[in-house]
Amino acid sequence: MRAARLIKMVLLLQSRPSMTAAELARELEVSERTVARDVLSLSEAGVPVYADRGRAGGYRLIGGYRTRLTGLGRSEAEALFLSGVPTALREMGLADAASAARLKVSAALLPELRDAAAGAAQRFHLDAPAWYQEPGTPALLPAVADAVWDDRRLAARYHRKDREVERELEPYGLVLKAGVWYLAARAGGTPVAAPAPAPASGSGSGSGSYRVYRVDRFTAVTATGERFTRDETFDLPAFWAARAEQFTRSLLRAEVVLRLSARGVRQLPYVTERTAAREAIERAERAGPPDEHGRLTVTLAVESADIAYSQLLALGPEGEVLAPPALRERFAAAARGAAALYD
């Protein structure tokens, strides 16, 4: 642990002209007294660390000293590719590896290029969670992430509806969607307390098929210590895209008939499920032109009448519900109530 800290200190000093004891203590997460002891140890080992005294003083390397300890380890290299998602790195327990990787890259750069990382960070930032949601980190996420990195089987308990199931999983990949973590895994065990869920898209060798699990619904995970052989044909982005589309379509179990103004046609993809809205509009346009008032009649797939009511209210007078009759009456009642309120 101390050796790793000393290496990190050298890399920090190599990547910057000078650093105060307070800055080093903050970066290394130690006390300033520990920094002073570490600097003394480096000096005794032949690393030319020089201390500038005074209020504006600090530590710096002299004589153009450069360490050759800049080779990236495997975990550091993997974490570096995720460095644009700092929240995800922190939640998976990879923040330290990413920090070490960035330092090594910075130390290997020419002095005039060392501000590149800071410049990029100040110009581009990814904020994964959706608005109006308080992001929470699943307690078992680091353990799941470790198994994903190492291709190790997991013995897992998973909360499903009103019961728990137990399975042995081959964890293939993690996905962060709108602040929620999902695990793509191949189920290799037999459920204990519930039937297996419907298979997700994907294929591969082994006794199970690829499925998606919400990480925050795991109640226990234990690495079995046994590695599995990954199916090299498995494509996580393609699998997730297909699974997400399949999930979205599975929710759209009802239909609503609408008459839309030209503005309503433009607004529809922004108030309801976007793919369903575009498909409805394209079908209607292929069937024929708008009516004499410029209105287009579309048949829209929706999750339910209640959800359609809350979504389509945003269209206001730009959309008229024609069917089902019960939903049309709800909109008529809402219109009468609004008219009375503003009369």
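Two strands count as paired if DSSP finds at least two bridges between them; strands (E, at least two residues) and helices (H or I, at least four) are DSSP runs, numbered from the N terminus. The structure is a predicted model, in which local features need pLDDT of at least 70 and side-chain atom pairs count only at pLDDT 80 or more, whereas totals for chains, interfaces and linings use all residues. Residues are numbered from 1 along each chain as its sequence is written, and side-chain values use heavy atoms, with hydrogens and water left out.

**Overview of the predicted chain, with 13 helices and 10 strands.** The mean pLDDT (the predictor's confidence in each residue, from 0 to 100) is 80 for the protein chain, and 73% of its residues reach 70 or more. Of the 343 residues, 34% count as buried (under 20% relative accessible area; exposed is over 50% and partly exposed in between, with a 1.4 Å probe and protein chains only). Contacts are defined by heavy atoms within 4.5 Å. Among those between residues at least 6 apart in sequence, 65% join residues at least 24 apart. Over residues 189–208, pLDDT stays under 50. For this segment the model has 47 contacts beyond four places in sequence.

**An open sheet of 5 strands, in the order β6-β5-β4-β3-β7.** The pairing in this sheet is antiparallel. Strands β6 and β7 (218–227) stand at the edges with a single partner strand each, so one side of each has no neighbour in the sheet. Direction ignored, neighbouring strands are turned by 45° against each other on average. Helix α8 (residues 141–150) lies across β3, β4, β5 and β7. The direction of α8 is at about 70° to that of β4 (axes are lines fitted to C-alpha atoms, for helices over the stretch in contact, and angles run from 0 to 180 degrees between N-to-C directions).

**Strand β5 between its partners β4 and β6.** Strand β4 (residues 163–177) is joined to β5 by 8 bridges, and the two run antiparallel. In this pair, L169 stands opposite A187 of β5. The two strands form a hairpin with 2 residues between them, and A178 in the turn has a positive phi of about 50°. Antiparallel pairing also links β5 to β6 (residues 210–214), here through 5 bridges. One of the bridge partners in β6 is R211, which faces A185.

T222 of β7 is the bridge partner of A155. Leaving aside neighbours within four places in sequence, R152 is in contact with A147, P171, G225, E226, R227 and F228. Of these contacts, P171 is 19 residues from R152 in sequence, and their C-alpha atoms are 7.3 Å apart.

**Packing of helix α1 against helix α2.** Helices α1 (residues 2–15) and α2 (residues 21–28) pack at an angle of about 130°, with 11 Å between their axes. The arrangement is therefore oblique (angles under 35 degrees count as roughly parallel, over 145 as roughly antiparallel, 65 to 115 as roughly perpendicular and the rest as oblique). The crossing is right-handed (near helix turned clockwise from the far one by less than a right angle; left-handed if anticlockwise). R5, K8, M9, L12 and L13 of α1 make the contact with L24, E27 and L28 of α2.

**Crossing of helices α1 and α3, with D38 in α3.** The axes of α1 and α3 come within 11 Å and cross at roughly 85°, which means that α1 is roughly perpendicular to α3. On the α1 side, the contact is made by R2, R5, L6, M9 and V10. On the α3 side, the contributing residues are T34, V35, R37, D38, V39, S41 and L42. D38 is found in α3 (residues 32–44) and counts as buried because its relative accessibility is 1%. Apart from neighbours within four places in sequence, D38 is in contact with R2, R5, L6 and M9.
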